[in-house]
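Subject: Structure for your review

Dear colleague,

Please find the structure we discussed below, followed by an account of what was found in it. I would be grateful if you kept it open while reading.

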Amino acid sequence: MSSRYLFFSLCVVFCTSVVFAQKTFTEKFSKMGSSFEVIVVAKNKEVADGFIAMAKNYNRIENLISSWDSNSETSKINQNAGVKPVKVSKELWDLIERSQKLSQLTSGAFDISYAAVDKIWTFDGGDSELPAEAVLKRSVAKIGYKKIRLNQKDQTVFLSQAGMKIGFGAIGKGYAADRAKETLVAAGASGGIINASGDMNTWGTQADGSDWNVAIVNPLNSKKVFSWFSIEQQAVVTSGDYERFTTIAGERYSHIIDPRTGMPAKGILSCTIFAPKAELADALATATFVMGTTAGIFLINQLPKVEAIIIDAMGRIHTSKNIKIEDD
Ligand code: ADP
Ligand code: MG
């Protein structure tokens, strides 16, 4: 069970029904270094197993976006930073183009080129002191989504400055959840949830015909559910500072980087986003974390079908305009 579940778990509650002769089947597994869960409605175990096998096929996506596999398309782009454009698959090219648009939408708070600071922050317990000002400055100079040059005709990607790097940590799981859902919908699964380490996308209904329910638990008191949400065809994603962090001189630093400074973002404990797609929700959760409560809620309130719940560092809850928190 990941720490996300312990501190800010999005509990999925489902039930089975004999009325529709459908049942709910669940399988948990590990992929892309994360824990995944597939919940699917099917008429029997054989059919469900077929759906689950399709959902497990993440290898293709890993080959595109992995930063640690030196043969992935993403690694090829990074290896050629400042050297030459790299031809990539349409799938990755499109993902990078959408990422750039998300950077524009969030005034650069979400930026896949944040990864130029990957070398100075490890967030694996190895960070013992804050990086020197000069080191931060040098790395931040290499960040900038506008410096990612996309050529549609040749389907190439060029990181125009030596030392630049891109990484999909803030959007990859959401994207993978969307693709798995698409595959299962196309295969005829009437309802389900893809849960990529807490990044969830749902469709259809539970076996008894009712909507899926997600409970948002207060991260400061994991026993207390502060609201239930009925979700239909929607994604729910949370970014939190408890997932990966480092402690330096007694202070906690989150793994979400402010691309303007190269420093971990401060001020928010967790940010949950509801959106039509997990990819969008994932990117916006990270962006809101960087932007802070006021600017984050302001942005979310302008986006159709997108809502947010933010818990700030003081434990206060902030919501976008259509979210009503009911006490449990
Ligand atoms: P989680 O891993 O908890 O789901 P996020 O979706 O917010 O959290 O992703 C955080 C990861 O995204 C970091 O570990 C890092 O790989 C990457 N990242 C950090 N800061 C940014 C940023 N400003 N823009 C884009 N990606 C980022
Ligand atoms: Mg994210």
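A residue is called buried here if its relative accessible area is under 20%, exposed if that area is over 50%, and partly exposed in between. Please bear in mind that this is a predicted model.

**Helix 7**

By that cut-off, the buried residues of helix 7 are Gly172, Lys173, Gly174, Tyr175, Ala176, Ala177, Asp178, Ala180, Lys181 and Leu184. The helix covers residues 172–186, 15 residues in all. From its first C-alpha to its last it reaches 21 Å, close to the 21 Å expected at 1.5 Å a residue. Just after helix 7 comes glycine 188, whose phi is positive, at about 100 degrees.

**The magnesium ion**

Which atoms coordinate the magnesium ion (ligand 2)? The donors are the O atom of Ala170, both O and OD of Asp282, and OG1 of Thr286, at 2.1 to 2.6 Å. Along the sequence, the donor residues follow the spacing A-x111-D-x3-T. Aspartate 282 and threonine 286 both belong to helix 8 (residues 278–291), and because they are four residues apart there, about one helical turn separates them. Aspartate 282 has a relative accessible area of 4%, so it is buried. Threonine 286, at 10% relative accessibility, also counts as buried.

**Ligand 1**

Several polar atoms of the protein lie beside the ligand, including the following:

- A nitrogen atom of ligand 1 is 3.0 Å from a backbone N or O atom of aspartate 111.
- A polar backbone atom of alanine 170 lies 3.1 Å from an oxygen atom of ligand 1; Ala170 also coordinates the magnesium ion through its O atom.
- An N or O atom in the side chain of lysine 173, a buried residue of helix 7, is 3.4 Å from an oxygen atom of ligand 1.

The protein buries 95% of the 570 Å² that ligand 1 exposes when taken alone.

**Residues in loops**

Where does lysine 119 lie? Lysine 119 is in the loop between helix 5 (90–105) and helix 6 (133–140). Its relative accessible area is 62%, so lysine 119 is exposed. Lysine 119 and serine 139 are 20 residues apart in sequence, while their C-alpha atoms are 8.8 Å apart in space.

Glutamine 155 sits in the loop between strand 5 (148–151) and strand 6 (156–159). Its phi is near 55 degrees, a positive value in a residue other than glycine. With a relative accessible area of 22%, glutamine 155 is partly exposed.

Serine 197 likewise is not a glycine, yet has a positive phi of about 50 degrees. Serine 197 is found in the loop between strand 7 (192–196) and strand 8 (199–203). Is serine 197 buried or exposed? Its relative accessibility is 5%, so serine 197 counts as buried.

Yours sincerely

Methods. Residues are numbered from 1 along each chain as its sequence is written. Chains are lettered from A and ligands numbered from 1 in the order in which they are written. This is a predicted model: local features need pLDDT of at least 70, side-chain atom pairs count only at pLDDT 80 or more; totals for chains, interfaces and linings use all residues. Side-chain values use heavy atoms; hydrogens and water are left out. Helices (H or I, at least four residues) and strands (E, at least two) are DSSP runs, numbered from the N terminus. The expected span of a helix is 1.5 Å times one less than its number of residues. Buried means under 20% relative accessible area, exposed over 50%, partly exposed in between (1.4 Å probe, protein chains only). Donors are N, O and S atoms within 2.8 Å of the metal (3.2 Å for Na, K and Ca); water is not among the atoms, so sites may look incomplete. A polar contact is a pair of N or O atoms within 3.5 Å; within protein, one must be able to donate a hydrogen and the other to accept it, and residues adjacent in sequence count only if both atoms are side-chain atoms. Accessible areas come from the Shrake-Rupley method with a 1.4 Å probe; for residues, only the protein chains shown count as cover.
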